[in-house]
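Let's go through this model by question and answer. Have a look at the chains before reading on.

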Amino acid sequence: MTKELIELRVNGRTHQLASEPNRLLLDVLRQDLGLTGSKRGCDDSSCGACAVLIDGVPMLACTMLAASCQGAEITTVEGIASEGALNAIQKAYGEWGGSQCGYCTPGFMITVKHLLENNPEPTEDEIRRALSGNLCRCTGYVQMFDAIKAAIRAEQESER
Amino acid sequence: MSDFATIGKPTAMIDSAQKATGQGKYTDDIALPGLLIGKILHSPHPHARIVRLDSSRAELLEGVVCVVTGKDAPNKYGILPVGHDETALAIDRVRYVGDNVACVVAIDEASAERALDLIDVEYELLPAYFDPEEAMKAERDLIHDSRPHNVEKEYHHVFGDPERGLSEADIVHEARYLANEVTHAAMEPHSTIAAFEIDSQTGQPGRLTVWSSTQVPYYLQHTLAAVLEMAMPQVRVIKPLVGGGFGGKSEVIPLEVIAAVAARKAKAPVKITYTREEVFWAHRGRPRTIVDLKIGAKRDGRISAVSARVVQDGGAYCSYGVVTILYSGALLGALYDIPHIRFDGYRVLTNKPACGAMRGHGTVNVRFALECALDEIAARLQLDPAELRRHNLLQPPCVTVNGLRVLSYGLPECMEMVVERSQWRQRRGKLASGRTEKRARGFGLACSHYVSGAANAIIRSDMPHSTVNIKVDRDGAVTVYTGAAEIGQGSSTITAQVVAEVLGCCLGRVRIVSGDSDVTPVDLGSYSSRVTFMSGNAAMRAAESILNQLLAAAARRMGCDPDELAIHDEIIFRRDEAHKASAGAWSMSFDQAIICAIENFGALSASGWYSPPAEARGGSYKGAGVGPSPAYSYSAQVAEVEVDEETGHVTVLNIWAAHDCGRALNPVAVEGQVIGSVWMGLGQALQEEMIWKDGLIMNPGLLGYASPSSAESPHVEAIIVESVDPEGPFGAKEAGEGSLAATIPAIANAIYDAVGVRLNEAPFTPERVLAALRAKDKTHRPGTEHDAATTPNRFREHGGALRISGKGQQRHESDAIHVQQAERGDQ
């Protein structure tokens, strides 16, 4: 298949690259741009490990054509840490045991970021529902809920 | 709680930031210059002879570098010395749909996939066996010629006098239990990169380096050396971050060997990463298990004898099978004090992917049966299930009837904790208040246990089970070299904590170098929950040796005896405070002590190792090597469920899980392991099941094989019980597996409490619950019999896209007979 020139804006930087039109965003991010934070877990958009923000909305990069994302602002997990430091949720994930093997964690970071930006004080039920598109096989989720609640508390305290 | 500085403190995993930022590298994240991609051609037939294999058309395709077949690596291997029955790629026969036939190596995935379709394979179909009890009847067309009746291994153990025990019983409970096949579904699909270096002297491919998502780097190195006929030092295994294992990566997986063989043939680095569907086809999960149980009990609830016949559907290769079946018998005896045990175990071959080790290896399905049976006995004797179990506790220190040594035993405290926290006495059987018209609530209790590492290694030898090296240099860093495989369970963090505690230094000073066979000493790997116990003990000994050198150097400088010194918070000081006033030389910083030590001894390094003591290695009967452990963890759980009597849907509302982990070295990690275990047990209890039809898996993906999501996960309260084991590092025992096995029977018992039906087949899907409810309404039979009505008879169509070559399911004529029989239900 002939390659075409596409332009992707990822984590605030613009990349021009030649790519077959049928290539998936996840493959382009991981293989062409070296952004391996987004993971491939399922191939069929059922696990959420490859979630990225596209214009602020969580989308699954494993079932999305790279070419269709031109002109959009793409944020991967690599773009979440603020100025080289962990943000509140990333820190809380460590302290509360939100990740074990960590393979699903980048996807969760994207989902949680979106959740907290749109609903800074979610209820437990809202957290559970927001996270239900991301699968984790290690933690049983309980410690993630704790981490998210702790991150919200930390954010509130830093604002005071 | 204790006066430890680091141990027992909730500590973030040392690699948690790597994981949360996406910086951490898993195998598939790694790229090498000139990296080629390998894609495997799988068998479309469950059992067939390969008559002809022609890859010439594929080899001519643009972008294809080579095609690898069985001839390129004919040496047999297997994780157990008694089970070397696999080859990297099929030599002349395929034994399950998905078996590995050939591998295309190409410049990219698309070219490799195109080439798969161009490989011509001609098969001669053979009769296939899909049901273990059918497979055992076979006289011909055996799956392996060396295994009569397709029985991989059978064991018949008798401890005490079971017949007498049963005849002395006041009641005898008999029932059949069935647990269907489940899989690990670790989030990271298996992946391996293999690359050869060019040898400087010969100019030929020399050393092999393999990066792999493995729980057992040492066994991988071992197997690669054997299959590729290389010396072990010529093979280097590096284990990057591993995205979960749960046993699925605890043996050498075909793609690991295939990648190495492919890299040798292609003369370039090769990466093979399974698709999610391939992970399902190759899964090596927990086998479908049939348990026929007979238990005798006295009127007071004392168990007089247990007789168990266990049949495991092992799939087409041995894998861990011999160990799996032995575990299912050995651990019948180490939870309660059972005076007489009979165990008849059969590991049977079928034409399905091999089953292997999965979290709670071997014990989970038998524990499901036994704990449900205890509940039924309690009901018949009108005893409280918790009370009945209390009548059967071990009296440690003791050796069980089958030769397992138990030193620490927190089960009584675990039961006490869950009974209290769940308000068991007040609420069980009295949840009518929570009952609506069609929904009923119930409470169930069950217990479980697990080994803290196998006392006997897979490959019998006298080498240490774990070794840890520590180097302290002038930069002040404490570098710890460990071969223990961090797979997400937190072993690197625990090792760092143990070293920091012994040395009295801060955690930030400790650096862990792990999982690189060129640098790190041999460790047997991450399986059977052995790492904290064994690698922890090795790390402790290595750190103690470093500490002694530090104190000796400091003492010499401070003009005192090393015994007079103590270390805390990176300050070395004389214990006797009287010296505080004199000479000003009563303390020294950690950095100063390091410099003194290096000046005195040159390099500052030490090694520590651990092997389980001889008295913990079990009895002398055949098969006694599986089951013994230096220590056992214990767990008790109470589940609260709600059953919808209209739909059969079971919702788990709460689980209280108390786990005796000896001492919690890192409580966050222990709670995480316990909750994770409970949650995986919840999946097996309610919804997870590999659905097979004629050797085809019907749900090969994370959609069809649905593990519980965050929306349906109950509240799990993890309760840590610390029995402080005399031999564990700082008293620690296992925490990663033992809790799983209690969850399934606790839920089954809770369903009985709610609606009065016994679910003897797991998972308790809505259709099985509903069938059991209807059977009860119609016949009012006691729910103790295996009810065929609960067996699924409808299957979804195969919706996968596995790369298989051929015209789909061309079954052998005798298969059709099997299918008809199965459909008539007269098998």
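A polar contact is a pair of N or O atoms within 3.5 Å; within protein, one must be able to donate a hydrogen and the other to accept it, and residues adjacent in sequence count only if both atoms are side-chain atoms. This is a predicted model, where local features need pLDDT of at least 70 and side-chain atom pairs count only at pLDDT 80 or more, while totals for chains, interfaces and linings use all residues. Residues are numbered from 1 along each chain as its sequence is written, chains are lettered from A and ligands numbered from 1 in the order in which they are written, and side-chain values use heavy atoms, with hydrogens and water left out.

Q: Which residue of chain B has its side chain joined to that of T36(A) by a polar contact?
A: T36(A) sits in the loop between α1 (25–32) and β3 (51–54) of chain A; helices (H or I, at least four residues) and strands (E, at least two) are DSSP runs, numbered from the N terminus. Leaving out residues up to four places away in sequence, T36(A) touches R30(A), E78(A), K25(B) and D29(B), contact being heavy atoms within 4.5 Å. The side-chain polar contact spans 2.8 Å, and the partner is K25(B).

Q: Is T36(A) buried or exposed?
A: The cut-offs are under 20% relative accessible area for buried and over 50% for exposed, with partly exposed in between (1.4 Å probe, protein chains only). T36(A) has 5% relative accessibility, so this residue counts as buried.

Q: Which residue of chain A forms a salt bridge with D29(B)?
A: A salt bridge takes a side-chain nitrogen of Lys or Arg within 4 Å of a carboxyl oxygen of Asp or Glu. The count between chain A and chain B is 4. For D29(B), the closest N and O atoms are 2.5 Å apart, and the partner is K39(A).

Q: What area is buried between chain A and chain B?
A: Buried area is the accessible area (1.4 Å probe) that two parts lose on being put together, summed over both. Here 42 residues of chain A are in contact with 51 of chain B. Carbon and sulfur atoms give 57% of the buried area, which comes to about 3600 Å².

Q: Which residue is the bridge partner of A48(B) in β6(B)?
A: Strands pair if DSSP finds at least two bridges between them. Strand β6 (residues 120–125) of chain B runs antiparallel to β2(B), with 6 bridges joining the two. Within β6(B), A48(B) is partnered by L125(B).
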